[in-house]
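Dear colleague,

I am passing on the structure we spoke about, followed by notes on what was found in it. Please read the notes with the structure open beside you.

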Amino acid sequence: MENVLRPVIVVGGSVVLALLIGWSVDRLLRRVDDRHSETSLWGLLRRGRIPFQLVLFAALLRGSYDEAKLLVEHRIGIGRTLTLILIGAAAWLVVSIATAVVDTSYSRYANTHRDPARVRRVRTQVALIQRVVTAVVGVVAIAAMLLTFPAMRAAGASLLASAGILGIVAGVAAQSTLANLFAGLQIAFGDMVRLGDTVVVDGEWGTVEEITLTFLTVRTWDERRITMPVSYFTSKPFENWSRGTPQMTGTVFFHLDHSAPVEAMREKLRDILRECPAWDGRDYGLAVTDSTPNTVQVRALVTAKDADDIWTVRVTVRERMIRWLTEQHPHALPRVNTAEAVLPPGQLPGPGHTEPDGAATARHNHAHSPGPPRTGPGRG
């Protein structure tokens, strides 16, 4: 009877005690969360109740398993399994607590600061810190699990003895990976680019959607994702439209005929912008910036509060101005000269030259027309 009750009491007691302590801690966190609703820390800590109960169960069962006298021949294997579960659950619990603290810190900062640029900067740093903590805890947990095996301890001693050679080999082999790792830290704390920034890289316009320690993802306007190593942003130039103030100035170019009504276009631009909600009212202008033998280049200058609105203003001005020119001033649109070339006086057309209708007849009549009467000696 004792051989049956002992394992039931040990295993069942460990399970019940772990569940009871976990339930008590969860109730305590819930009450604290209700009293301190201004912070989300206590509510986020409740997410770790499962790994917390798992740590309690593994620790209690690991400490009392020898008293259970259950499967004595497999005592070493079961004890090592419980140790691995304890290490894994402890790492899970540490990551959950760190995530709760980091998320709470970011939420508090975002609620107290209204500057979007600073909030995005802190968000980028917090995300990378959280990834670093998760990676470090994971590596330590895996190392601790491996050290529980005697064979791995010997391998670890051998690796430590040749650490110098392995360090050199690993440094050469992982040169690009380490470069991206340090580039990710430089981006996080150097404030070069942040989550939510509008950037232009390799001619592609988009928004920074994800930043990790090794790569960065840009979501383009047509919902594509461009993934590139973070070392790109530390070694090559790129455009960051969200740097500083989000206000932007945009241009719209028109190629028109030389007879284009520039003054009327300035007035029409003003009327178009007044009816465009995306225009912020800061500035506008219209000027002739270039000319060719066939056309002139007219540049419209507009402003908006951010990159999305500047795009809306530009397309609105372009569409409405072209429609207005087509309806009211069609002569201002660029034209292709199809008139026949006129030869200089006295020059005959070359072989294969075709003259316009009536040109040869007019030239023949001009050549045979009676000239003015001549006066001279012998004529009266």
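**The sheet and its core**

Strands β7 and β8 run antiparallel and are joined by 8 bridges, where strands (E, at least two residues) and helices (H or I, at least four residues) are DSSP runs numbered from the N terminus. Before going further, please note that this is a predicted model, in which local features need pLDDT of at least 70 and side-chain atom pairs count only at pLDDT 80 or more, while totals for chains, interfaces and linings use all residues. Residues are numbered from 1 along each chain as its sequence is written, and side-chain values use heavy atoms, with hydrogens and water left out.

The link between β7 and β8 is a hairpin of 4 residues, and within this pair Asp290 stands opposite Gln297 of β8. On the other pairing, β6 and β8 are antiparallel over 9 bridges, with His255 opposite Gln297 and Thr251 opposite Leu301. Taken together, 3 strands make an open antiparallel sheet in the order β6-β8-β7, two strands being counted as paired if DSSP finds at least two bridges between them. Its edge strands are β6 and β7, each of which pairs on one side only, and neighbouring strands are turned by 20° against each other on average, direction ignored.

Two helices accompany this sheet. Helix α10 packs on the sheet and touches β6, β7 and β8, its direction making about 155° with that of β7, whereas α11 lies across β6, β7 and β8 and runs at about 20° to β6. Contact here means heavy atoms within 4.5 Å, and the angles, from 0 to 180 degrees, are taken between N-to-C directions of lines fitted to C-alpha atoms, for helices over the stretch in contact.

The largest nonpolar core has 27 residues, of which Phe254, Leu256, Met265, Leu269, Val313, Val317 and Met321 touch the most other members. Such a core is a set of buried Ala, Val, Leu, Ile, Met, Phe, Trp, Tyr and Cys residues joined through side-chain atoms within 4.5 Å, buried meaning under 20% relative accessible area with a 1.4 Å probe and protein chains only. The elements that give two or more residues to this core are β6 (248-256), α10 (262-274), β7 (279-291), β8 (296-304) and α11 (307-328), and α11 supplies the largest share, 7 residues. Leaving aside residues up to four places away in sequence, Val317 touches Val252, Phe254, Leu269, Ile272, Leu273, Ala300 and Val302. Apart from this core lies another, of 15 residues, among them Val208, Leu213, Leu216 and Tyr232.

With best regards

Key:
Buried means under 20% relative accessible area, exposed over 50%, partly exposed in between (1.4 Å probe, protein chains only).
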